[in-house]
Amino acid sequence: FYKRVSVERHRGWGKPMLKSDVEEFGRMMLPMALQGLYSKSTSASLQSCTALRFLGMLDAPSALPPLLDQVYQALATLTEVHQTTSAMQALAAVWFPMVQAGNFDAGAAHLPSLMTLTLDGIDANDLHKTWTTLRLYTVLLSGLPLIPITDDAPPGGDAERHDVIRQVTDTFADWAFKFLDQAFAFIVNQNYPHAEEEHAKSDIEGRTSEMMFHCTLEVLFMQLGDKLFDRALRKVANFCFTNLLTHQTEHLGILLTCLCRVDPEA
(Lines give C-alpha, C1' and ligand atoms only; values in the text may rest on other atoms or scores of the structure.)
Protein backbone atom coordinates (compact mmCIF):
# COMPACT_ATOMS: atom_id res chain seq x y z
CA PHE A 1 0.00 0.00 0.00
CA TYR A 2 2.78 2.43 0.91
CA LYS A 3 4.64 1.68 -2.31
CA ARG A 4 1.56 2.51 -4.37
CA VAL A 5 0.88 5.77 -2.53
CA SER A 6 4.56 6.75 -2.74
CA VAL A 7 4.66 6.20 -6.49
CA GLU A 8 1.48 8.21 -6.95
CA ARG A 9 2.75 11.07 -4.81
CA HIS A 10 6.25 11.40 -6.21
CA ARG A 11 5.97 10.19 -9.78
CA GLY A 12 2.42 11.10 -10.64
CA TRP A 13 1.62 7.70 -12.12
CA GLY A 14 -1.97 6.53 -12.38
CA LYS A 15 -4.96 7.95 -10.60
CA PRO A 16 -3.88 9.02 -7.11
CA MET A 17 -5.73 7.70 -4.09
CA LEU A 18 -7.80 10.19 -2.16
CA LYS A 19 -6.29 11.57 1.02
CA SER A 20 -9.34 10.35 2.90
CA ASP A 21 -8.67 6.79 1.70
CA VAL A 22 -5.08 6.92 2.97
CA GLU A 23 -6.24 8.30 6.31
CA GLU A 24 -8.91 5.61 6.63
CA PHE A 25 -6.34 2.90 5.90
CA GLY A 26 -4.10 4.36 8.61
CA ARG A 27 -6.94 4.44 11.14
CA MET A 28 -7.63 0.74 10.49
CA MET A 29 -4.00 -0.37 10.75
CA LEU A 30 -2.78 1.79 13.64
CA PRO A 31 -4.49 -0.11 16.51
CA MET A 32 -3.00 -3.42 15.33
CA ALA A 33 0.47 -1.90 14.98
CA LEU A 34 0.32 -0.41 18.48
CA GLN A 35 -1.03 -3.62 19.96
CA GLY A 36 1.90 -5.65 18.69
CA LEU A 37 4.54 -3.17 19.79
CA TYR A 38 4.91 -4.61 23.30
CA SER A 39 4.55 -8.23 22.27
CA LYS A 40 6.93 -10.69 23.92
CA SER A 41 7.59 -12.02 20.43
CA THR A 42 10.59 -10.19 18.97
CA SER A 43 9.32 -10.82 15.45
CA ALA A 44 5.89 -9.34 16.21
CA SER A 45 7.44 -6.29 17.87
CA LEU A 46 9.74 -5.63 14.89
CA GLN A 47 6.86 -6.03 12.46
CA SER A 48 4.89 -3.46 14.46
CA CYS A 49 7.84 -1.04 14.25
CA THR A 50 7.96 -1.52 10.47
CA ALA A 51 4.22 -0.90 10.19
CA LEU A 52 4.49 2.23 12.33
CA ARG A 53 7.27 3.59 10.13
CA PHE A 54 5.15 3.20 7.00
CA LEU A 55 2.08 4.65 8.73
CA GLY A 56 4.21 7.60 9.83
CA MET A 57 5.21 8.24 6.24
CA LEU A 58 1.65 7.83 4.96
CA ASP A 59 -0.21 9.92 7.51
CA ALA A 60 2.03 11.21 10.29
CA PRO A 61 -0.50 13.60 11.94
CA SER A 62 -2.80 10.65 12.65
CA ALA A 63 -0.28 7.88 13.33
CA LEU A 64 2.45 9.53 15.39
CA PRO A 65 0.58 11.26 18.29
CA PRO A 66 -0.90 7.98 19.67
CA LEU A 67 2.50 6.32 19.33
CA LEU A 68 4.29 9.17 21.08
CA ASP A 69 1.80 8.99 23.97
CA GLN A 70 2.70 5.34 24.47
CA VAL A 71 6.41 6.05 24.10
CA TYR A 72 6.37 8.73 26.81
CA GLN A 73 4.55 6.37 29.16
CA ALA A 74 7.00 3.55 28.47
CA LEU A 75 10.05 5.77 28.98
CA ALA A 76 8.67 6.96 32.31
CA THR A 77 8.15 3.48 33.75
CA LEU A 78 10.80 2.07 36.08
CA THR A 79 9.64 -1.54 36.12
CA GLU A 80 8.60 -2.51 32.57
CA VAL A 81 12.02 -2.68 30.91
CA HIS A 82 10.58 -4.62 27.98
CA GLN A 83 8.21 -1.75 27.19
CA THR A 84 11.04 0.78 27.37
CA THR A 85 13.13 -1.21 24.91
CA SER A 86 10.20 -1.66 22.50
CA ALA A 87 9.39 2.05 22.71
CA MET A 88 12.94 2.98 21.71
CA GLN A 89 12.81 0.53 18.82
CA ALA A 90 9.63 2.22 17.65
CA LEU A 91 11.26 5.64 17.97
CA ALA A 92 14.16 4.52 15.81
CA ALA A 93 11.65 3.43 13.18
CA VAL A 94 9.77 6.73 13.07
CA TRP A 95 12.53 9.32 13.67
CA PHE A 96 12.69 10.47 10.07
CA PRO A 97 8.92 10.61 9.43
CA MET A 98 8.63 12.51 12.71
CA VAL A 99 11.15 15.26 11.91
CA GLN A 100 10.76 15.44 8.13
CA ALA A 101 9.76 18.94 7.04
CA GLY A 102 6.12 19.14 6.06
CA ASN A 103 5.34 15.64 7.29
CA PHE A 104 4.64 16.20 11.00
CA ASP A 105 4.76 19.82 12.15
CA ALA A 106 4.92 18.98 15.86
CA GLY A 107 7.75 16.47 15.45
CA ALA A 108 10.74 18.74 16.04
CA ALA A 109 9.35 19.97 19.35
CA HIS A 110 9.45 16.42 20.73
CA LEU A 111 13.17 15.96 20.08
CA PRO A 112 14.65 17.53 23.26
CA SER A 113 12.45 15.62 25.69
CA LEU A 114 12.77 12.29 23.87
CA MET A 115 16.55 12.61 23.54
CA THR A 116 16.83 13.33 27.27
CA LEU A 117 14.40 10.65 28.44
CA THR A 118 16.23 7.93 26.53
CA LEU A 119 19.67 8.69 28.01
CA ASP A 120 19.08 6.34 30.95
CA GLY A 121 18.89 3.50 28.44
CA ILE A 122 22.71 3.42 28.39
CA ASP A 123 23.19 0.93 31.23
CA ALA A 124 26.19 -1.33 31.76
CA ASN A 125 23.92 -3.81 33.57
CA ASP A 126 21.54 -4.22 30.63
CA LEU A 127 23.39 -4.64 27.36
CA HIS A 128 20.26 -5.25 25.30
CA LYS A 129 18.70 -1.97 26.42
CA THR A 130 22.03 -0.23 25.85
CA TRP A 131 22.24 -1.64 22.31
CA THR A 132 18.69 -0.46 21.57
CA THR A 133 19.42 3.02 22.92
CA LEU A 134 22.68 3.38 20.98
CA ARG A 135 20.99 2.16 17.80
CA LEU A 136 18.32 4.82 18.29
CA TYR A 137 20.97 7.54 18.66
CA THR A 138 22.91 6.29 15.65
CA VAL A 139 19.77 6.53 13.50
CA LEU A 140 18.94 9.97 14.87
CA LEU A 141 22.43 11.48 14.64
CA SER A 142 23.06 10.20 11.13
CA GLY A 143 20.66 12.85 9.89
CA LEU A 144 20.92 15.50 12.62
CA PRO A 145 23.96 17.81 12.86
CA LEU A 146 24.35 18.98 16.46
CA ILE A 147 24.91 22.59 15.45
CA PRO A 148 22.82 25.41 16.96
CA ILE A 149 20.96 27.60 14.50
CA THR A 150 21.58 31.29 15.15
CA ASP A 151 20.34 32.89 11.93
CA ASP A 152 16.89 34.35 11.44
CA ALA A 153 14.36 32.70 9.16
CA PRO A 154 15.10 33.27 5.46
CA PRO A 155 12.84 35.67 3.56
CA GLY A 156 9.59 33.96 2.69
CA GLY A 157 10.29 31.10 5.09
CA ASP A 158 8.11 29.86 7.94
CA ALA A 159 9.30 32.12 10.77
CA GLU A 160 7.32 30.26 13.44
CA ARG A 161 8.70 26.84 12.51
CA HIS A 162 12.20 28.29 12.20
CA ASP A 163 11.93 29.67 15.73
CA VAL A 164 10.84 26.25 17.06
CA ILE A 165 13.76 24.54 15.34
CA ARG A 166 16.18 27.16 16.66
CA GLN A 167 14.97 26.51 20.21
CA VAL A 168 15.40 22.77 19.66
CA THR A 169 18.97 23.15 18.40
CA ASP A 170 19.82 25.24 21.47
CA THR A 171 19.41 22.06 23.54
CA PHE A 172 21.86 19.99 21.48
CA ALA A 173 25.02 21.02 23.34
CA ASP A 174 23.56 20.16 26.74
CA TRP A 175 22.31 16.79 25.46
CA ALA A 176 25.65 15.91 23.82
CA PHE A 177 27.57 16.37 27.07
CA LYS A 178 24.95 14.48 29.08
CA PHE A 179 25.36 11.68 26.57
CA LEU A 180 29.12 11.71 27.11
CA ASP A 181 28.54 11.52 30.87
CA GLN A 182 26.40 8.42 30.31
CA ALA A 183 29.06 6.96 28.02
CA PHE A 184 31.72 7.58 30.69
CA ALA A 185 29.56 5.89 33.33
CA PHE A 186 29.03 2.96 30.96
CA ILE A 187 32.80 2.58 30.54
CA VAL A 188 33.59 2.88 34.25
CA ASN A 189 30.96 0.30 35.21
CA GLN A 190 32.24 -2.38 32.85
CA ASN A 191 33.13 -5.44 34.91
CA TYR A 192 36.47 -7.13 34.53
CA PRO A 193 35.79 -10.62 33.14
CA HIS A 194 36.91 -13.47 35.38
CA ALA A 195 37.95 -16.77 33.82
CA GLU A 196 34.49 -18.31 34.19
CA GLU A 197 32.96 -15.26 32.54
CA GLU A 198 35.07 -15.33 29.39
CA HIS A 199 32.41 -17.23 27.48
CA ALA A 200 29.70 -14.76 28.51
CA LYS A 201 31.89 -11.85 27.45
CA SER A 202 32.11 -13.23 23.93
CA ASP A 203 28.36 -13.53 23.74
CA ILE A 204 26.75 -11.92 20.69
CA GLU A 205 24.88 -9.38 22.83
CA GLY A 206 28.07 -8.01 24.33
CA ARG A 207 29.89 -7.83 21.01
CA THR A 208 27.03 -6.10 19.22
CA SER A 209 26.78 -3.61 22.09
CA GLU A 210 30.45 -2.72 21.65
CA MET A 211 29.96 -2.36 17.89
CA MET A 212 27.00 -0.03 18.38
CA PHE A 213 28.93 1.94 21.02
CA HIS A 214 31.59 2.55 18.39
CA CYS A 215 29.05 3.56 15.71
CA THR A 216 27.19 5.98 17.96
CA LEU A 217 30.29 7.72 19.28
CA GLU A 218 31.76 8.16 15.83
CA VAL A 219 28.56 9.64 14.43
CA LEU A 220 28.21 11.89 17.50
CA PHE A 221 31.71 13.37 17.10
CA MET A 222 31.19 13.79 13.35
CA GLN A 223 27.99 15.77 13.89
CA LEU A 224 29.38 18.17 16.49
CA GLY A 225 30.25 21.67 15.34
CA ASP A 226 33.84 22.86 15.77
CA LYS A 227 33.27 24.58 19.12
CA LEU A 228 31.31 21.67 20.57
CA PHE A 229 33.92 19.21 19.31
CA ASP A 230 36.68 21.13 21.11
CA ARG A 231 34.64 21.06 24.32
CA ALA A 232 34.00 17.35 23.88
CA LEU A 233 37.71 16.74 23.33
CA ARG A 234 38.57 18.51 26.58
CA LYS A 235 35.84 16.58 28.41
CA VAL A 236 37.18 13.24 27.15
CA ALA A 237 40.74 14.23 28.05
CA ASN A 238 39.68 15.18 31.57
CA PHE A 239 37.87 11.85 31.93
CA CYS A 240 40.96 9.91 30.87
CA PHE A 241 43.36 11.82 33.13
CA THR A 242 41.17 11.68 36.24
CA ASN A 243 40.12 8.01 36.18
CA LEU A 244 42.19 4.88 36.65
CA LEU A 245 40.71 2.51 34.07
CA THR A 246 42.87 -0.59 34.13
CA HIS A 247 40.09 -3.03 33.27
CA GLN A 248 38.06 -0.90 30.85
CA THR A 249 40.69 -0.44 28.16
CA GLU A 250 38.53 -1.96 25.42
CA HIS A 251 35.69 0.55 25.69
CA LEU A 252 38.08 3.38 26.45
CA GLY A 253 39.93 2.49 23.27
CA ILE A 254 36.65 2.68 21.33
CA LEU A 255 36.02 6.17 22.72
CA LEU A 256 39.48 7.45 21.79
CA THR A 257 39.47 5.76 18.40
CA CYS A 258 36.20 7.46 17.44
CA LEU A 259 37.51 10.82 18.58
CA CYS A 260 40.73 10.48 16.63
CA ARG A 261 39.07 9.19 13.46
CA VAL A 262 36.93 12.32 13.25
CA ASP A 263 39.86 14.70 13.80
CA PRO A 264 43.28 12.98 13.99
CA GLU A 265 45.08 16.29 14.51
CA ALA A 266 43.03 17.25 17.55
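## A tour of a helix pair and its salt bridges

Start by selecting F229, L233, V236, F239 and C240 in α11, together with L252, L255, L256, L259 and V262 in α12: these are the residues through which the two helices meet. Colour the selection by residue type, and this contact shows 10 nonpolar residues, no polar ones and no charged ones. Keep in mind as you look around that the model is predicted.

Now widen the view to the complete helices, residues 226-242 for α11 and residues 249-262 for α12. Two packed helices are described by the angle between their axes and the distance between the axes. Here the axes come within 12 Å and cross at roughly 150°. An angle over 145 degrees counts as roughly antiparallel, and α11 and α12 are therefore roughly antiparallel to each other.

Next, switch to charged side chains. Side chains of opposite charge can pair when their charged atoms come close. How many salt bridges does a search of the whole structure find? The search finds six, and the following stops visit some of them.

Stay on α11 and pick K235. Its side chain meets that of D181 in a salt bridge, 3.0 Å from N to O. This pair links distant parts of the chain, with K235 in helix α11 and D181 in helix α8 (residues 172-188), 54 residues apart. K235 is partly exposed at 24% relative accessibility, and D181 is partly exposed too, with a relative accessible area of 37%.

Move over to α12 and select R261 with E218. The closest N and O atoms of this salt bridge are 3.6 Å apart. Again, distant parts of the chain are linked: R261 sits in helix α12 and E218 in helix α10 (residues 204-223), 43 residues apart.

For a local pairing, jump to helix α2 (residues 19-37) and show R27 and E24. Their salt bridge brings the closest N and O atoms to 2.9 Å. The two residues are separated by about one helical turn, because they lie three residues apart in α2. R27 counts as partly exposed at 47% relative accessibility, and E24 is partly exposed at 36%.

For the last stop, select D152, D163 and R166, which are linked in a network of salt bridges.

Note on methods
Residues are numbered from 1 along each chain as its sequence is written. This is a predicted model: local features need pLDDT of at least 70, side-chain atom pairs count only at pLDDT 80 or more; totals for chains, interfaces and linings use all residues. Side-chain values use heavy atoms; hydrogens and water are left out. Axes are lines fitted to C-alpha atoms, for helices over the stretch in contact, and angles run from 0 to 180 degrees between N-to-C directions. Helices (H or I, at least four residues) and strands (E, at least two) are DSSP runs, numbered from the N terminus. Angles under 35 degrees count as roughly parallel, over 145 as roughly antiparallel, 65 to 115 as roughly perpendicular and the rest as oblique. Contact means heavy atoms within 4.5 Å. Ala, Val, Leu, Ile, Met, Phe, Trp, Tyr, Cys and Pro count as nonpolar, Asp, Glu, Lys and Arg as charged, and the others, Gly among them, as polar. A salt bridge is a side-chain nitrogen of Lys or Arg within 4 Å of a carboxyl oxygen of Asp or Glu. Buried means under 20% relative accessible area, exposed over 50%, partly exposed in between (1.4 Å probe, protein chains only).
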